[in-house]
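Colleague: I have the model open. Can we go through the helix packing and then the inside?

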Amino acid sequence: MTDRPSASISSRRKPKQARSADLLQAILQAAVQVLAKEGVNRFTTTRVAERAGVSVGSVYQYFPNKASILFRLQSDEWRETTELMCGILGDTQRPVLERLRMLTHAFVRSECEEAEVRTALGDAAPFYRDAPEAQEVRAAGDGIVSVFMKEALPKASDATREMAGDLIVRTLSSVGKDFSESPRTAAEIEAWSDSLADMLCAYVERLASR
């Protein structure tokens, strides 16, 4: 039995007690394992329940369908990425280009560490990418980049800053995804991160000098 995508991808309820929170975490951990092992095409609530050692009914207490589980996994990943960006780009005690370089290293490293699950979540995107909830989550990081670009390019136009921020984010995402599809050593990750950071910093410096 397989699940069909539904208009609703929000969780049914939030745990209020420690035991309920533990159950939810067990379900989410099982979901990650099933997704990584089976892929999105064989991902079902039944398999998640079996992996977690709980009944399917227990899974449905929190998630109405498989799309809602996948969205929760993706939104958790988006939240972690947003927190990463906020922590690095928002550190105004450091120079702008140093922050950009730190973000590049952290982002590439994170992509490589979680490549298997990230790839599977990318395959699962059709289940939730057009839902309002997904758009709200994705929009959370836009403000962080916008504030950073205003600081990095104070004399540039809004259009230039917006384009530059979008290009940086897209480049990090595209290169990180492509690079992480093959196993990488720590030395390779460091070398690629350095080179990518050099490119992005040079781009920002050029825009700032105009």
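Colleague: At what angle do α9 and helix α10 pack, and how far apart are their axes?

Modeller: About 165 degrees, with the axes of α9 and α10 (residues 186-208) 12 Å apart. Axes are lines fitted to C-alpha atoms over the stretch in contact, and angles run from 0 to 180 degrees between N-to-C directions. Helices are DSSP runs of H or I, at least four residues, numbered from the N terminus. This is a predicted model: local features need pLDDT of at least 70, side-chain atom pairs pLDDT 80 or more, while totals for chains, interfaces and linings use all residues. Residues are numbered from 1 along each chain, and side-chain values use heavy atoms, without hydrogens and water.

Colleague: Which residues of α9 and α10 make the contact?

Modeller: With contact meaning heavy atoms within 4.5 Å, α9 residues including M163, L167 and F179 meet α10 residues including W192, L196 and Y203. The contact divides into 14 nonpolar, two polar and one charged. Nonpolar is Ala, Val, Leu, Ile, Met, Phe, Trp, Tyr, Cys and Pro; charged is Asp, Glu, Lys and Arg; the others, Gly among them, are polar.

Colleague: New topic. Which element gives the most to the lining of the largest cavity?

Modeller: α9, with four residues. Lining residues have an atom within 4 Å of a point of the cavity, a set of points on a 1 Å grid where a 1.4 Å probe fits but cannot get out.

Colleague: And by class, what is in that lining?

Modeller: 10 nonpolar, one polar and no charged residues. F148, G165 and L172 are among them.

Terms used. 1 Å grid on protein atoms, 1.4 Å probe; cavity = no way out; pocket = protein on both sides within 12 Å on 5 of 7 lines; lining within 4 Å. Helix = DSSP H or I, 4+ residues; strand = E, 2+ residues; numbered from the N terminus.
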